[in-house]
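Here is a short briefing to read beside the model. Please keep the structure open while you go through the points.

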Amino acid sequence: MFDELSAKYTFPCEVSLIDAGCMTMGLLPVVRDNDFLIVVDAVDGTGQPAGTVVRFDPDAIDGHAAMASLHDLRLADLLAAASLVGYEACGVCFGMQVANMNPVFMTEGLTDPVARNLDTLVGAVLAELAHHGVPLAYADGTPLVV
């Protein structure tokens, strides 16, 4: 997702793309330095087919295992911890349902259902940015209208 966005689009200086890997408390400075976060992650247990894109507010996943991230720390947890030290930010989560949380054989790359729907996930993130008034453009500078 990070590679797709950074290769095909340009963003104004007030938008930062960060490939954070796993969500950790090391991201507290990101919350400190930003007003709004869009987190994109793989999710499991949504009850939807693999490749389905879901959007939810951080608080909507509290206590709902179906919307749990594949990583230990959720955006809601990060925002709550940040609030304790005086950092305030809002956010939204986009996730894509994985095909198999516990594969017998580990492989590198995306499964077919996830790869087929990557453009849908990218479009959802771009639409969220546009909704917040972010001017969007392709990598060549051509304006993007979402």
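The side chain of Thr-46 reaches the backbone nitrogen of Gln-48 at 3.2 Å, and it also makes a polar contact with the side chain of Gln-97 at 2.7 Å. A polar contact here is a pair of N or O atoms within 3.5 Å; within protein, one must be able to donate a hydrogen and the other to accept it, and residues adjacent in sequence count only if both atoms are side-chain atoms. This is a predicted model, in which local features need pLDDT of at least 70 and side-chain atom pairs count only at pLDDT 80 or more, while totals for chains, interfaces and linings use all residues. Residues are numbered from 1 along each chain as its sequence is written, and side-chain values use heavy atoms, with hydrogens and water left out.

**Thr-46 and its loop**

- Thr-46 is found in the loop between β2 (36–43) and β3 (53–56); helices (H or I, at least four residues) and strands (E, at least two) are DSSP runs, numbered from the N terminus.
- Thr-46 counts as buried because its relative accessibility is 18%, where buried means under 20% relative accessible area, exposed over 50% and partly exposed in between (1.4 Å probe, protein chains only).

**The chain as a whole**

- The chain holds five helices and six strands, in the sequence pattern α-β-α-β-β-α-β-α-α-β-β.
- Of its 146 residues, 34% count as buried.
- Among contacts (heavy atoms within 4.5 Å) between residues at least 6 apart in sequence, 74% join residues at least 24 apart.

- β2 and β4 (residues 90–97) run parallel and are joined by eight bridges; two strands pair if DSSP finds at least two bridges between them.
- Along this pairing, Val-39 stands opposite Cys-93 in β4, and Ala-42 has Met-96 of β4 as its bridge partner.
- β3 and β4 run antiparallel, with four bridges joining them, and Arg-55 stands opposite Phe-94 in β4.
- In a regular strand the side chains alternate between the two faces of the sheet.
- The covered face of β2 consists of Leu-37, Val-39, Asp-41 and Val-43, while Phe-36, Ile-38, Val-40 and Ala-42 make up the uncovered one.
- In β3, Val-54 and Phe-56 form the covered face, and Val-53 and Arg-55 the uncovered one.
- β4 is mostly covered, with seven of its eight residues buried.

- Ala-89 sits in the loop between α3 (75–84) and β4, and it counts as buried because its relative accessibility is 16%.
- Leaving aside neighbours within four places in sequence, Ala-89 is in contact with Val-31, Asn-34, Asp-35 and Leu-79.
- Ala-89 and Leu-37 are 52 residues apart along the chain, yet 7.2 Å separates their C-alpha atoms.

**The sheet of β1, β5 and β6**

- Three strands form an open sheet with antiparallel pairing, in the order β1-β5-β6.
- β1 (9–10) and β6 (143–144) stand at the edges with a single partner strand each, so one side of each has no neighbour in the sheet.
- β5 (residues 136–138) pairs with β6 in the antiparallel sense over two bridges, and Leu-144 in β6 is the bridge partner of Leu-136.

**Helix α5**

- α5 (residues 118–131) has 14 residues and reaches 20 Å from its first C-alpha to its last, close to the expected 20 Å; the expected span is 1.5 Å times one less than the number of residues.
- Leu-118, Leu-121, Val-122, Val-125, Leu-126, Glu-128 and Leu-129 are buried in α5.
- Seen down the axis of α5, these buried residues fall within an arc of 155 degrees, so they line one face of the helix; the arc is that of the directions from the helix axis to the C-beta atoms.
- Asp-119 and His-131 are exposed on the other side of α5.
- α5 lies across β1, β5 and β6, running at about 140 degrees to β5; axes are lines fitted to C-alpha atoms, for helices over the stretch in contact, and angles run from 0 to 180 degrees between N-to-C directions.
- Gly-133, which follows α5, has a positive phi near 85 degrees.
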